[in-house]
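Me: I have a protein model open and would like to learn how to read it. Could you walk me through it?

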Amino acid sequence: MTQSPPHRSEMGRIFRMPLPAARDTEDDEAARNERLRIHNLVRPEIIHSAFADDVHQGLSSSPKRLLPKYFYDELGSQLFDAICLLPEYYLTRAENEILARSAAEIVSAVGNSPVSLLEMGSGSAVKTRRIIEALLARQQSLLYLPVDISASALETSARVLLQSYPSLSIEAYASDYDTALAHMNFDAEEDGTHVLALFLGSNIGNFGRDEARTFLRSLRAVLRAGDALLLGADLKKNPAVLEAAYDDALGITAAFNLNLLARINREMDADFDLRAFKHVAVYNEKIGRIEVYLESRRTQRIQIRKLEMIVTLEAGERIHTENSYKYDMTELIELAAQTGFTRAQTWFDAAEQFSSNLFVAVETKGGTERR
Ligand code: AVI
């Protein structure tokens with residue numbers, strides 16, 4: 001028997017694609033290609049120079065900091081996939097549990113009109129399948145618009161999805177969020193179709209509170225009143241549970257954090273000694289966020305040749321690499337109200353650790369039409 005080729009899932013596991021009933025012909029492939037359009041808006045030279053500028057600025061400031069968006073090079077993305085499998089990192093499992101149980105209820109809460117599905121930060125779109133299946137159970141075809149900075153992740157996930165769902169069409173944006181939103185135009189859809197946007201995985205938590213509002217307002221600007229957003233947000237809880245989720249016993253999150261220095265070594269000809277840094281994750285209860293740092297174990301001097309830069313660190317000095325904000329229901333209701341939405345409904349996992357929130361776009365003063 002012929003085996004179908006292995007593909008990587010969101011969780012980094014190898015899974016086998018279901019074998020097609022008949023042999024996949026060139027015609028099948030051509031038909032799938034017709035259902036796929038990828039807008040590649042990423043300019044690698046701009047990304048590279050932004051990384052250099054941000055590293056220079058972050059390591060020159062006091063306190064020192066590096067931006068979490070740079071965690072996700074190829075190795076960093078694989079380490080994040082491994083984090084999602086850790087017993088301590090409950091977030092992915094909790095959100096999967098909600099979507100597995102409630103996808104049909106979630107899509108019916110969006111209303112009876114046909115829906116187009118937009119996803120910010122789609123990755124390999126494994127969780128999205130639950131929503132796609134729930135939508136296809138009530139409408140004949142579906143347009144899916146995934147946005148992700150990784151063109152290769154987008155293309156791989158799009159091809160797998162197109163093979164699974166013959167009535168799915170994909171218009172993918174390889175891009176950062178702002179650029180993709182600036183390119184989107186749903187005006188052609190004056191046929192009563194609504195948009196359901198997804199922002200899953202507690203990605204909102206990696207934005208500061210103001211940045212989260214700015215992002216949701218830009219997303220709201222491409223939607224019309226009655227369109228919806230499903231927002232996955234991690235909830236405030238016992239600090240010990242939170243700190244374990246960001247400092248696991250196997251040391252995978254530590255490796256994910258340290259890989260940022262390894263990436264600077266690789267891409268900027270630097271000489272960070274990874275063993276001279278300690279991963280630190282603390283819950284700041286007052287602000288409601290996990291703070292992640294790399295703490296220098298000794299006084300040290302690091303050379304970053306491509307930036308012509310010397311960085312000095314005292315023993316115990318920290319580089320702040322990430323915040324992961326946690327929410328409560330009052331904050332989520334307020335967040336919706338401040339960004340042109342109303343919170344319609346929230347679903348929780350059985351342990352009530354995570355929330356999936358349906359925000360519905362409301363009429364705004366300046367009109368409700370999509371841009
Ligand atoms: C991607 N993001 C939602 C993760 C989080 O939980 O903040 C990133 C992460 N950092 C360490 N562990 C996971």
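Predicted model: local features only at pLDDT ≥ 70, side-chain atom pairs only at ≥ 80, totals over all residues.

Me: Which residues touch the most other members of the largest nonpolar core?

Reply: A core is a set of buried nonpolar residues joined through side-chain atoms within 4.5 Å. Here the largest one has 74 residues, and Ile-131, Leu-196, Phe-277 and Ile-304 touch the most other members. Helix 4 (residues 90-109) gives this core its largest share, eight residues.

Me: What is Ile-131 in contact with, leaving aside its neighbours within four places in sequence?

Reply: Contact means heavy atoms within 4.5 Å. With those neighbours set aside, the partners of Ile-131 include Leu-99, Ala-103, Ile-106 and Val-107, and also Leu-196 and Leu-230. There is a second, separate core too, with 32 residues, among them Phe-207 and Ala-336.

Me: Now the ligand. How many residues surround the ligand, and which are the closest?

Reply: The ligand is surrounded by 13 residues, the closest being Tyr-89, Asn-206, Tyr-246, Glu-322 and Ser-324. By type, the shell has six nonpolar residues, six polar and one charged. Helix 3 (74-83), helix 10 (252-268) and strand 14 (318-325) each supply at least two of the shell residues.

Me: Where do polar side-chain atoms of Glu-322 and Ser-324 lie?

Reply: A polar contact pairs N or O atoms within 3.5 Å. For Glu-322, a polar side-chain atom is 2.8 Å from a nitrogen atom of the ligand. For Ser-324, such an atom is 2.6 Å from a ligand oxygen atom. The ligand taken alone exposes 350 Å², and the protein buries 98% of that.

Methods. Residues numbered from 1 in each chain as written. Heavy atoms only, no water. Buried < 20%, exposed > 50% of the residue type's maximum accessible area, 1.4 Å probe, protein only. Helix = DSSP H or I, 4+ residues; strand = E, 2+ residues; numbered from the N terminus. Near = heavy atom within 4 Å. Polar contact = N/O pair within 3.5 Å; in protein donor to acceptor, adjacent residues only side chain to side chain. Areas by Shrake-Rupley, 256 points an atom, 1.4 Å probe, with all protein chains shown as cover. Nonpolar A, V, L, I, M, F, W, Y, C, P; charged D, E, K, R; others polar.
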